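Okay, everyone, thanks for coming. Let me put the structure up, and then I'll walk you through it.

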Amino acid sequence: MITKNEEKAISKVVSDVRAALPGAEILIVDGSSDRTAEIAERLGARVIRQFPPQGYGPAMDKALRSNDREVVVTLDCDDTYPVEFIEPMARMVLEEGWDLVDGSRLAGKPEAMPWINFLANWGFAALASLMFFRRIRDLHSGMRAYRKSLIDGLTYQMNGPALPVELLLRPICEGRKVKIVTIPYRSRVGESTMRPLESAWWTWKRIWRIRFG
């Protein structure tokens, strides 16, 4: 997980992950000015402090590459994603041979997702499906299981918003085994820091660059 001022949610999320998977390493890259890192460390998480914050992309890159487990599962630290899906998604990588398992929130419109976000996510996913000749349902999911060897060999532009778009489309372009599963999505705890217009621009930019760059 990557965190920035998530002290309202961090205790529940870390505790839920620990209860679901006692043997998992919980790794957090934190750029908070509140007590998020302190709370996470107290609960046994490994915390890498990145302060002053360097942005979503560098933080996610650090989180993906700073471990030696065979599977890396990403999760937003706002209590929106179901921790009970961590183990099944990891097993799909370990036991079924998938390189990436994407947790799609968009089988329909989630009640917790505003209509404008849903329509933008759906539209970009439909566009990517046409451009990459494969059904893609959710370009921006924060919950995925990656084979670590995939991450180690993957080249991507970490700077700029909408990195999850590239982390899904590049493996697809490279012919890696990518599976999409449907997951539930809940209301977030705390305030969102996403900038919708900037994210939309970078989403289009990443789609275009990966397809034609």
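This is a predicted model: local features need pLDDT of at least 70, side-chain atom pairs count only at pLDDT 80 or more; totals for chains, interfaces and linings use all residues.

You'll find F133 in the loop between α5, residues 115-132, and β6, residues 144-147. What is phi of F133? Near 60°, which is a positive value in a residue other than glycine.

N5 is another one to look at. Phi of N5 is near 55°, again positive in a non-glycine residue. N5 sits in the loop between β1, residues 2-3, and α1, residues 10-20. Buried, exposed or partly exposed? N5 comes out at 37% relative accessible area, so it's partly exposed.

Now for a buried one, which is N67. At 13% relative accessibility, it falls under the 20% cut-off, so N67 counts as buried. N67 is in the loop between α3, residues 56-65, and β4, residues 71-74. Which residues does N67 touch, if we skip its neighbours within four places in sequence? Those contacts are E25, L27, R46, V72 and K148. Take E25: it's 42 residues away from N67 along the chain, yet the two C-alpha atoms are separated by 8.8 Å. And the N67 side chain reaches the backbone nitrogen of R69 at 3.4 Å.

One more local detail, on the backbone. The peptide bond going from F51 to P52 is cis, with omega near 5°. P52 itself is in the loop between β3, residues 46-49, and α3.

Okay, let's zoom out. The protein has 8 helices and 7 strands. The radius of gyration is 16 Å, close to the 17 Å the globule rule gives for 213 residues, so the protein is as compact as a globular protein of that length.

How much of it is buried? Of the 213 residues, 48%. As for contacts with a separation of 6 or more, 73% are between residues 24 or more positions apart.

Last, the surface and the charges. The protein exposes about 10,500 Å², and carbon and sulfur atoms supply 54% of that. There are 31 positive and 27 negative side chains, and the centres of those two sets lie 5 Å apart.

Note on methods: Residues are numbered from 1 along each chain as its sequence is written. Side-chain values use heavy atoms; hydrogens and water are left out. Helices (H or I, at least four residues) and strands (E, at least two) are DSSP runs, numbered from the N terminus. The radius of gyration is taken over C-alpha atoms; the globule rule is 2.2 Å times the number of residues to the power 0.38. Buried means under 20% relative accessible area, exposed over 50%, partly exposed in between (1.4 Å probe, protein chains only). Contact means heavy atoms within 4.5 Å. Accessible areas come from the Shrake-Rupley method with a 1.4 Å probe; for residues, only the protein chains shown count as cover. Lys and Arg count as positive and Asp and Glu as negative; His and the chain ends are not counted. The place of a charge is taken as NZ of Lys, CZ of Arg, CG of Asp or CD of Glu. A polar contact is a pair of N or O atoms within 3.5 Å; within protein, one must be able to donate a hydrogen and the other to accept it, and residues adjacent in sequence count only if both atoms are side-chain atoms.
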